[in-house]
Amino acid sequence: MAQESATVVLAARSTEKLQEVAGKVTKAGGKPEIVVTELTEEESIKNLVKTTNEKFSRLDILINNAGVTHSAKLEQTSTEDWQRCISINARAPFILCREALPLLKKSQAGYIVNIASVVGVKGYPLQSAYTSSKHALRGMTISLAEELKGSNIRVHLLCPGGVDTDMVGSVRPDIPKKDLIKPEEIAELALYLVTHKGNAVIDELHIRRATSTPWF
Ligand SMILES: NC(=O)c1ccc[n+]([C@@H]2O[C@H](COP(=O)([O-])OP(=O)(O)OC[C@H]3O[C@@H](n4cnc5c(N)ncnc54)[C@H](OP(=O)(O)O)[C@@H]3O)[C@@H](O)[C@H]2O)c1
C-alpha cells in the first residue's frame, strides 16, 4: 500500500514495532500514522476509527490483519485461550467493520480485506481455538459481502497457509523457513484486491505454500 503512496494507519499494541513499520512505510513512499490499539478493548477499537476520521476524514481500505493463535489439544485449551482467539481474530474485526462502515460508505471505492487462514476453511489438530475464530471471521465476511452487494464497498477474505512471520514459528516450527510464504507476497495479493476496479471480483483467495498439497 505504501508503494502506491497510501496513507497507512497502523494499529497494534507495541509502539516500538509500530515505529519500525512506520519507518518502512515512509521509505516505501507512503505516509504512516500510528494509533496504538488494544483489540480486546472495544473503546480502543472505536478510538482507532475515530482518530482516523479526525485526522483524515476519509477511509478507503480496512485491512483486518492483526491476529493471535493458540496451539494445544482441545482438552488443554482453557476457556480464556479460546476467548482470546475469538476476541482478537473475530470480535475485533466485527467491531472494526461496524465502526468503519460509515466512513467507507463515503469512499469512491471502499474495501474490506479480512485476513483469515487456511484454517478458516478447514481444521487442523491442536488449533481448535484459532480455527473457531477464523471460521467465525470467514462467516462474518461472507455475510457482510452479501449485505454490501451492489454498494461502493467490496469485501474480501484472504486464507493463507504458512507465512514467514513471528506467529508461524510458534505453531508450525516443522515448516522449513525457505518454504514459507513471504509476508510481501500476501501484501501484493491484498494490493491487487484493492486496486482492481473492473467487473471481475475475487471474493476469497486461498494461498498455499508451493510445497504443500494442491487443493488441500
Ligand atoms: N503467519 C502465518 O503463517 C499465518 C497464516 C495464516 C494466517 N495468518 C494470519 O495473518 C495475520 C497476521 O499474522 P502474523 O503471522 O503477521 O502474526 P504476528 O507476526 O504474530 O503478528 C500479529 C500482529 O497482531 C498484533 N496484535 C496481536 N494482538 C493484538 C491486540 N490484542 N491488539 C492489537 N494488536 C494485536 C501484533 O502486534 P502487537 O503484539 O504489538 O499488538 C502483530 O502486529 C493474523 O490474522 C494471522 O492469523 C498468519
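The following conversation walks through parts of a predicted model.

Visitor: What kind of model is this, and how are residues numbered?
Guide: This is a predicted model, in which local features need pLDDT of at least 70 and side-chain atom pairs count only at pLDDT 80 or more, while totals for chains, interfaces and linings use all residues. Residues are numbered from 1 along each chain as its sequence is written, and side-chain values use heavy atoms, with hydrogens and water left out.

Visitor: Where is Asn64 found?
Guide: Asn64 is found in strand E3. Helices (H or I, at least four residues) and strands (E, at least two) are DSSP runs, numbered from the N terminus.

Visitor: Is Asn64 buried or exposed?
Guide: Asn64 counts as buried because its relative accessibility is 6%. Buried means under 20% relative accessible area, exposed over 50%, and partly exposed in between, with a 1.4 Å probe and protein chains only.

Visitor: Which side chain joins Asn64 in a polar contact?
Guide: The side chains of Asn64 and Asn114 are joined by a polar contact of 2.8 Å. A polar contact is a pair of N or O atoms within 3.5 Å; within protein, one must be able to donate a hydrogen and the other to accept it, and residues adjacent in sequence count only if both atoms are side-chain atoms.

Visitor: What else does Asn64 touch?
Guide: Leaving aside residues up to four places away in sequence, Asn64 touches several residues, among them Pro93, Leu96, Cys97 and Ile112. Contact means heavy atoms within 4.5 Å.

Visitor: Where is Gly67?
Guide: Gly67 is in the loop between strand E3 (61-64) and helix H3 (79-104). Gly67 counts as partly exposed, because its relative accessibility is 30%. Not counting residues up to four places away in sequence, Gly67 touches Ile88, Asn89 and Met167.

Visitor: And Thr77, buried or exposed?
Guide: Thr77 is buried, with a relative accessible area of 17%, and its place is in the loop between E3 and H3. A polar atom of the Thr77 side chain lies 2.9 Å from the backbone oxygen of Lys73. Thr77 also touches residues including Trp82, Ser128 and Ala129, not counting residues up to four places away in sequence.

Visitor: Turning to H4, how far apart are its end C-alpha atoms?
Guide: The end C-alpha atoms of H4 are 29 Å apart, which agrees with the 28 Å that its 20 residues should span at 1.5 Å a residue. The expected span is 1.5 Å times one less than the number of residues.

Visitor: Which residues of H4 are buried, and what covers them?
Guide: The buried residues of H4 include Ala129, Tyr130, Leu137 and Leu144. Their cover includes H3, strand E4 (110-115), E5 and helix H5 (166-171).

Visitor: What lines the largest cavity?
Guide: Its lining includes Tyr111, Arg154, His156 and Tyr192, and E5 and helix H6 (183-195) each supply at least two lining residues. On a 1 Å grid over the protein atoms alone, a cavity is a set of points where a 1.4 Å probe fits but cannot get out, and a pocket is an open set with protein on both sides within 12 Å along at least five of seven lines; lining residues have an atom within 4 Å of a point.

Visitor: What is the volume of that largest cavity?
Guide: The largest cavity has a volume of about 50 Å³. Grid points are joined across faces, edges and corners, and a volume is the space filled by probe spheres set on the points.

Visitor: What about the second largest pocket, which residues lie nearest its centre?
Guide: Ala145, Glu146, Val155, Val201 and Asp203 lie nearest the centre of that pocket, which is lined by 17 residues.
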